[in-house]
Amino acid sequence: MSWSDQMLFATNGTRILAGQMPYRDYFQFLTPGTDLIYSLLFRWFGVELWIPNLTMACLAAIAMWLMMLAARRVLRGMALALPALFLIGFGLAGSLDATHHWFSTIIAMTAMLVLMRDIQPRHIAFAGALCGVAASFTQTKGALITIGFLIYLLWKSIDGKEPARVFWYRSSLLLAVALSIFFAINLHFILLVGWTKWVQAVIVFPLRYYSSIPGQTGFNLLAQMRGQKILGRISVCFICGVVISVYPIFLLVLVRKRRTERREPWDQLFLLAITGFSMFLTVAPGMTALRVSTVSLPAMVLLAWLLSRVRGPILLAGQAIAVFSFAAAIYMSIQTQRATWNYLTLPAGRSAIPDRGRYELYRWTAEHTHPGDICFGVSYIYLPLWLHSPAPIDSPGPWGYYRPEQIAASIAAVEENKVPVLILNSYSDDQSVWSYKADSLRPLQIYLDAHYRHVKTFTNVLRNEAWIRKGETDAPITPGNQSTRK
């Protein structure tokens, strides 16, 4: 049972499958690529819990393969194995989460590999199309890698002493194809809600309100490290340290050695650096282990290239780190199998849940709902229990991230549908957060006091609360699910 952001996007996929649309029926501040992918997977295979997990396994394998293809362009011998060894333990440890970050990274890496082959018009057009697709998963990443590729084309033109019109032709081709593909994917949604609402959702909202929610600022990385064990802290320090430092180090080497070491593939190396740095800029304002890991693939290749240029203790240290990363991956796999799991059969499949509090949350909710029921609350309950939300947002919080009009629309949807069960977050301890706004949830609290009664607080980390509509019974309305515990 995943408790990560992939459940948010998978739930959005089920909403599209049920006829709802992003921006119109439910709030989304990203372009809709990830939601559409999950809706297609659920249409083909059914709404099952294994789909997001297997999707992540496939994304990780594809990412590793693309990274190795890039490494073959600039590395030789045993150094080819280093990027994969760095990523498999340290990189994937905190990023097994099939969200837009991985989808857009894979598409960006594919576009980079196309330009590594050549910059003929057909290659530029293909790369531009992939930029448009990447922007349909993560708008900022698609935009920044497009700018990065323009810088690379300018580099090639200056280095080859080509006329200015050659660069303008190439850059115009890249931009025209990227914009065409982007609008081909997104125009339906733009026309559905109108330009103003679409721009407000995917451009204005991320710039103004995204950072107001806890966990979306640079300080969250330090909080993540405090809550992890020693191996997790090592992984975060390594990945962040590499991604932050490898690009300036490479630039220094490029400036000093490019004229004297002409046999090195400087063009491909520069393209790696500009692609990786462009992707890193998209996550730099709110770094987490997941986000930094998803953009670390070019950095891992450049690190291996830098290590291949040295001898002695530095090279041995790099090789030892790679071996340690591989050993860490094996260790974490073994620990996962040895952990204590709480098993529960839910409508979307049999589940292994690591936390007893989360197990109680799912068990209680399963006993008080039927598959197909309308419910309102945290996003993690909908997919496993086959529940549906009538509201544009999930359980709101007391921050600027949740706009007053969204909370009002959610209250109206809950009242219109007379939703019997609510599973909400508890925010009693959030007054210390800088963006805390006590007044933002007052309309919801007034509505809850008038129409619902609090019946249970669960012992999971978020301390979710169960509310039942007044007049409804809080006794189980289903026989419950059989469960065993390992």
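Tutor: Start with the axes: they are lines fitted to C-alpha atoms, for helices over the stretch in contact, and angles run from 0 to 180 degrees between N-to-C directions. Helices themselves are DSSP runs (H or I, at least four residues; strands are E, at least two), numbered from the N terminus. This is a predicted model, in which local features need pLDDT of at least 70 and side-chain atom pairs count only at pLDDT 80 or more, while totals for chains, interfaces and linings use all residues. Residues are numbered from 1 along each chain as its sequence is written, and side-chain values use heavy atoms, with hydrogens and water left out.

Take H5 and H6. Their axes lie 9 Å apart, at an angle of about 170 degrees. H5 and H6 are therefore roughly antiparallel. The cut-offs are these: under 35 degrees is roughly parallel, over 145 roughly antiparallel, 65 to 115 roughly perpendicular, and the rest oblique.

Who makes the contact (heavy atoms within 4.5 Å)? From H5 come Ser104, Ile107, Thr110, Ala111, Val114, Leu115 and Arg117; from H6 come His123, Ile124, Phe126, Ala127, Leu130, Val133 and Ala134. By class, this contact of H5 with H6 holds 10 nonpolar residues, three polar and one charged. Here Ala, Val, Leu, Ile, Met, Phe, Trp, Tyr, Cys and Pro count as nonpolar, Asp, Glu, Lys and Arg as charged, and the others, Gly among them, as polar.

H5 has 18 residues and spans 26 Å from its first C-alpha to its last, close to the expected 26 Å. The expected span is 1.5 Å times one less than the number of residues. Of those 18 residues, 16 are buried, so H5 is largely enclosed by the rest of the structure. Buried means under 20% relative accessible area, exposed over 50%, and partly exposed in between (1.4 Å probe, protein chains only).

H6 (residues 121-135) packs with H7 (residues 139-159) at about 155 degrees, their axes 7 Å apart. That pair is therefore roughly antiparallel too. H6 contributes Ile124, Cys131, Ala134 and Ala135; H7 contributes Gln139, Gly142, Ala143, Ile145, Thr146, Phe149 and Leu153. The contact of H6 with H7 divides into eight nonpolar residues, three polar and no charged.

Next, the core. A nonpolar core is a set of buried Ala, Val, Leu, Ile, Met, Phe, Trp, Tyr and Cys residues joined through side-chain atoms within 4.5 Å. The largest one has 141 residues, and Phe149, Tyr362, Leu422 and Ile423 have the most contacts inside it. H5 (residues 100-117) gives the most to this core, with 12 residues. Apart from it lies another core of nine residues, among them Ala135, Phe189, Val193 and Ala201.

Look at Ile423. Beyond four places in sequence, Ile423 touches residues that include Leu361, Trp364, Phe376, Val378, Ile381, Phe458 and Ala466.

H5 also meets H4. The buried residues of H4 pack against H5, and against H3 (50-74), H11 (230-257), H13 (289-294), H14 (297-308) and H15 (313-338). Those buried residues are Leu82, Pro83, Ala84, Phe86, Leu87, Gly89, Phe90, Gly91 and Leu92. Nine of the 12 residues of H4 are buried, so H4 is largely enclosed by the rest of the structure. Its end C-alpha atoms (residues 82-93) are 17 Å apart, which agrees with the 16 Å that 12 residues should span at 1.5 Å a residue.

What about the loop between H3 and H4? Gly77 lies there. Gly77 is exposed, at 57% relative accessibility. Gly77 and Ser308 are 231 residues apart in sequence, yet 9.5 Å apart in space, C-alpha to C-alpha.

Two loop residues deserve a backbone check. Most residues other than glycine have a negative phi. Tyr23 has a positive phi, near 75 degrees. Tyr23 sits in the loop between H1 (6-17) and H2 (33-45), and is buried at 5% relative accessible area. Phi of Trp386 is also positive, near 55 degrees. Trp386 is in the loop between H17 (382-385) and H18 (404-417), and is partly exposed at 34%.

Definitions and conventions:
Contact = heavy atoms within 4.5 Å.
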